[in-house]
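User: Please take me through the model below in short questions and answers.

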Amino acid sequence: MADTKQVQAAVYRGDNGDRLSVETLGLAAPQHGEVRVAVRAAGVCGSDRHVLDGEWQVQLPAVMGHEAAGVVEAVGPGVRGLGIGDHVVIAWHQACQRCGECTSGKPWACTRAKSNDSLLPDGTTRWSEADGSAAFPYLATGAMAEAIVVPEFAAIKIDERVPFDVASLIGCSVGTGYGAVVNNARVVAGEAAVVVGAGGVGLSIISALRLAGATPIIAVDVSEAKLREARRAGATHAMMSGADLGERIAEATDGGADVAFEAIGRVQTMQQLPELIRPGGRAVFVGLPPEGQKVEIDGLLLAYDGKTIIGSNYGGLVPARDFPRVASAYLSGALPLDELISARVRLDDVNEAFDAMRRGERTRSVILFDA
Ligand SMILES: NC(=O)c1ccc[n+]([C@@H]2O[C@H](COP(=O)([O-])OP(=O)(O)OC[C@H]3O[C@@H](n4cnc5c(N)ncnc54)[C@H](O)[C@@H]3O)[C@@H](O)[C@H]2O)c1
Ligand SMILES: [Zn+2]
Ligand SMILES: [Zn+2]
């Protein structure tokens, strides 16, 4: 079709191990209520890695990536709130906007969202291969591409002073971390907090905890380098993971934390989480385990101690409300986010960026695209 744009994208086909290939695909023009965004930065998130490592099944071929920021370069009919040139952060959880959950501030709970099926909310895709067959945007975004098409409501306009690399992270890791603290756990000043896993998401939780005034903030990881980053992000204590973690946390918090976050997606650490909190405390599952894996919990102790387990999907975010708040906190200096980025790479380096994540070497890698 004449109005289909040829776009370079990182594609996962599942036929070459965990490797992505950078290819040219067709991207159809934005339809009613949609915009095309020239991607300027796309973060490398643990959720993409779950897919590449065969832990989650998705529709293939998939354009990977879901953490992005860019500039609106085309608008479909009926778009009212955005114009060409606007700077936007992309929301990967694209809810229906009409159901009870969506209209009461819980879009993350919308049962009609199709993001997990790698489809736009109308159940279709704008991506196609040279032979006309469909390709799919991972998490309705497919952000590791020069351009993407999303509904207008999923492109949230933000202050142009926020650099694109930082802005991209607001779309997943930073938004998720902020939302897990503010929306899901509702942390208040003075609460003792633990964060298990100090990768892109865990460090974002730590910086949001600092913003919320939690103290102490205890970071846990298996990497000394990540623990150093955690201190930079605002952790007051840093500990190596281990079987006796519960005792060490109890000692540092006089009996257990008020709130603990798991930000890895490992069943063992998820299982350990309730042991890190005091009676009445909250354990928040942010990390996502491989499909089908079960977490075992002592039901008697959980009930007796009145502990709460909170599932956190996309940080309970309302993107149009929360992305600008995160951007304002960043611009005021209250939420330092530049430090979260440890590598800025090109699209062709995408496989190496995932390898570095598997080796636990980097905090966040961000893929940058030319204007
Ligand atoms: N709930 C949501 O909405 C949501 C959103 C985004 C990401 N996620 C999930 O969050 C998880 C983390 O993503 P990420 O991008 O931060 O990944 P990441 O790879 O950057 O971070 C994982 C961190 O865990 C550490 N780690 C590994 N094993 C450990 C252990 N045994 N004990 C302590 N630390 C350990 C690693 O060193 C690393 O620092 C993934 O499962 C991802 O899918 C969830
Ligand atoms: Zn809905
Ligand atoms: Zn993500």
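User: Where is the place of Pro216?

Analyst: In this predicted model, the peptide bond from Thr215 to Pro216 is cis, with omega near -5°. Helices (H or I, at least four residues) and strands (E, at least two) are DSSP runs numbered from the N terminus. In those terms, Pro216 has its place in the loop between H4 and strand E12 (217-221).

User: Which pLDDT must side-chain atom pairs have in order to count?

Analyst: Residues are numbered from 1 along each chain as its sequence is written, chains are lettered from A and ligands numbered from 1 in the order in which they are written, and side-chain values use heavy atoms, without hydrogens and water. As this is a predicted model, totals for chains, interfaces and linings use all residues, local features need pLDDT of at least 70, and side-chain atom pairs count only at pLDDT 80 or more.

User: In which loop is Pro61 found?

Analyst: Pro61 is joined to Leu60 by a cis peptide bond, with omega about -5°. Pro61 is found in the loop between H1 and E4.

User: Which residues coordinate the zinc ion (ligand 3)?

Analyst: Donors are N, O and S atoms within 2.8 Å of the metal (3.2 Å for Na, K and Ca); water is not among the atoms, so sites may look incomplete. Along the chain, the donors follow the spacing C-x20-H-x105-C. At 2.0 to 2.3 Å, the zinc ion (ligand 3) is coordinated by Cys45 (SG), His66 (NE2) and Cys172 (SG).

User: Why does the pair Cys45 and His66 tie together parts that are apart in sequence, and how many residues apart are they?

Analyst: Cys45 and His66 both coordinate the zinc ion (ligand 3). Cys45 lies in the loop between strand E3 (34-43) and helix H1 (46-52), while His66 lies in the loop between strand E4 (62-63) and strand E5 (68-75). The pair therefore ties together parts whose separation in sequence is 21 residues.

User: Are Cys45 and His66 buried or exposed?

Analyst: Buried means under 20% relative accessible area, exposed over 50%, and partly exposed in between (1.4 Å probe, protein chains only). By that scale, Cys45 and His66 are buried.

User: Which residues come nearest to ligand 1?

Analyst: A residue is near a molecule or strand if one of its heavy atoms lies within 4 Å of it. There are 28 residues around ligand 1. Those that come nearest are His50, Asp221, Ser312, Tyr314 and Arg364.

User: How much of ligand 1 does the protein bury?

Analyst: Polar side-chain atoms lie 2.8 Å (Ser47) and 2.6 Å (Asp221) from an oxygen atom of ligand 1, and a backbone N or O atom of Gly200 lies 3.2 Å from an oxygen atom of the ligand. Accessible areas come from the Shrake-Rupley method with a 1.4 Å probe, and for residues only the protein chains shown count as cover. Taken alone, ligand 1 exposes 880 Å², and the share of this that the protein buries is 91%.

User: Which element supplies the largest share of the shell around ligand 1?

Analyst: Helix H4 (200-212) and H1 each supply at least two residues of that shell. The largest share, three residues, comes from H1.

User: Which side chain is joined to that of Ser312 by a polar contact?

Analyst: Ser312 has its place in the loop between strand E16 (308-311) and helix H9 (319-332), and at 8% relative accessibility Ser312 counts as buried. A polar contact is a pair of N or O atoms within 3.5 Å; within protein, one must be able to donate a hydrogen and the other to accept it, and residues adjacent in sequence count only if both atoms are side-chain atoms. At 2.7 Å, the side chain of Ser312 is joined by such a contact to that of Asn184.

User: Which backbone oxygen does the side chain of Ser207 reach?

Analyst: Ser207 is found in helix H4 and is buried, with a relative accessible area of 1%. At 3.2 Å, its side chain reaches the backbone oxygen of Ser204.

User: What is the relative accessibility of Ala140?

Analyst: Ala140 is found in the loop between E8 and E9, and phi is near 60° there, a positive value in a residue other than glycine. Leu139, in the loop between strand E8 (134-137) and strand E9 (147-151), also has a positive phi, about 50°, although it is not a glycine. Leu139 is buried, with a relative accessible area of 5%. Ala140 counts as buried, with a relative accessibility of 0%.

User: How many Å apart in space are Gln271 and Ala68, C-alpha to C-alpha?

Analyst: Gln271 lies in helix H7 (residues 267-272) and counts as partly exposed at 28% relative accessibility. Gln271 and Ala68 are 203 residues apart in sequence, and their C-alpha to C-alpha separation is 32 Å.
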